[in-house]
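Hi everyone, thanks for coming. Let me put today's structure up on the screen, and then I'll walk you through it.

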Amino acid sequence: MCCVFMSFLRWVFDLDIRSCSIGIGLPVYSTFKAIEKKDQNEQQKWLVYWAAYGSFSLVEAFTDKILSWFPLYYHVKFAFLVWLQLPTLEGSRLLYNNYLRPFFLRHQARLDNITGVIYSEIVKFVSAHQGDIQFAKNLFRKMWSSINGIIHPAGRQSSGGRIEGPSTRKQDEESESEDED
């Protein structure tokens with residue numbers, strides 16, 4: 001019981017999980033709503049947010065192991081992600097207009113070349129490994145089918161909440177004789 005309580009407390013106070021929820025969970029749902037409502041202003045707002053968040057995540061991927069040692073790092077990260085989303089502060093728009101947009105405009109030709117090379121290499125890789133990809137897809141489908149069969153067995157009838165014992169020997173012998181025919 002104590003371990004469960006400690007795990008719960010760790011989850012409650014784990015700002016890394018909260019940062020993920022704030023940085024990804026809420027924006028995904030808000031993006032969904034903006035797309036479904038076909039609200040151009042909301043769509044633009046969330047596109048700008050995703051550009052800012054993606055840039056932050058890219059930088060964080062390279063610096064997280066070092067920065068996480070600093071006191072209150074996850075508190076600052078959490079506050080930063082909230083700042084990016086707050087409509088009154090428009091942090092993501094500010095970050096995009098002042099830093100990201102000028103950077104991308106300045107380096108657009110070089111980034112287009114890099115993106116083109118990476119894309120063509122991915123296409124070559126996928127083309128060269130079609131058999132492996134098909135094998136992985138089939139393996140995944142079979143595993144999913146097996147898991148689904150365990151979770152939702154077809155043809156099993158409910159016993160009405162009763163626990164049933166093993167089948168009788170006579171029933172086993174009848175099913176064996178049917179298999180032999």
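First, some housekeeping. What we have here is a predicted model, where local features need pLDDT of at least 70, side-chain atom pairs count only at pLDDT 80 or more, and totals for chains, interfaces and linings use all residues. Residues are numbered from 1 along each chain as its sequence is written, and side-chain values use heavy atoms, with hydrogens and water left out.

So, how many helices and strands are there in the protein chain? Eight helices and zero strands, taking helices as DSSP runs of H or I with at least four residues and strands as runs of E with at least two, numbered from the N terminus. Of the chain's 181 residues, 16% count as buried. Buried here is under 20% relative accessible area, exposed is over 50%, and partly exposed is in between, using a 1.4 Å probe and protein chains only. Now contacts, meaning heavy atoms within 4.5 Å: among those with a separation of 6 or more, 59% come from residues 24 or more positions apart.

Next up, helix 3, residues 40–67. At its start, a side-chain oxygen of Asp 39 reaches to within 3.1 Å of the backbone nitrogen of Asn 41. Further along, the buried residues include Trp 46, Tyr 49, Tyr 53 and Phe 56, and also Glu 60 and Asp 64. And where does helix 3 bend? At Ala 61, by about 55 degrees; that's the angle between axes fitted to the seven residues ending there and the seven starting there.

Okay, backbone angles. Most residues other than glycine have a negative phi. Lys 38 has a positive one, near 55 degrees, and sits in the loop between helix 2 and helix 3. Lys 38 is exposed, at 64% relative accessible area. Glu 90 also has a positive phi, near 50 degrees, in the loop between helix 4 and helix 5. Glu 90 is partly exposed, at 42%.

Last stop, the surface. Phe 135, Leu 139, Phe 140, Met 143, Trp 144, Ile 147, Ile 150 and Ile 151 form a nonpolar patch with about 910 Å² of accessible area together. For a patch like this, residues need over 30% relative accessible area and no salt bridge, with nonpolar side chains (Val, Leu, Ile, Met, Phe, Trp, Tyr) joined within 5 Å; a salt bridge is a side-chain nitrogen of Lys or Arg within 4 Å of a carboxyl oxygen of Asp or Glu. The areas come from the Shrake-Rupley method with a 1.4 Å probe. One of the patch residues, Phe 140, lies in helix 7, residues 130–151, and is exposed at 52%.

Methods. A polar contact is a pair of N or O atoms within 3.5 Å; within protein, one must be able to donate a hydrogen and the other to accept it, and residues adjacent in sequence count only if both atoms are side-chain atoms. Patches are made of residues with over 30% relative accessible area and no salt bridge: like charges are joined within 9 Å, nonpolar side chains (Val, Leu, Ile, Met, Phe, Trp, Tyr) within 5 Å.
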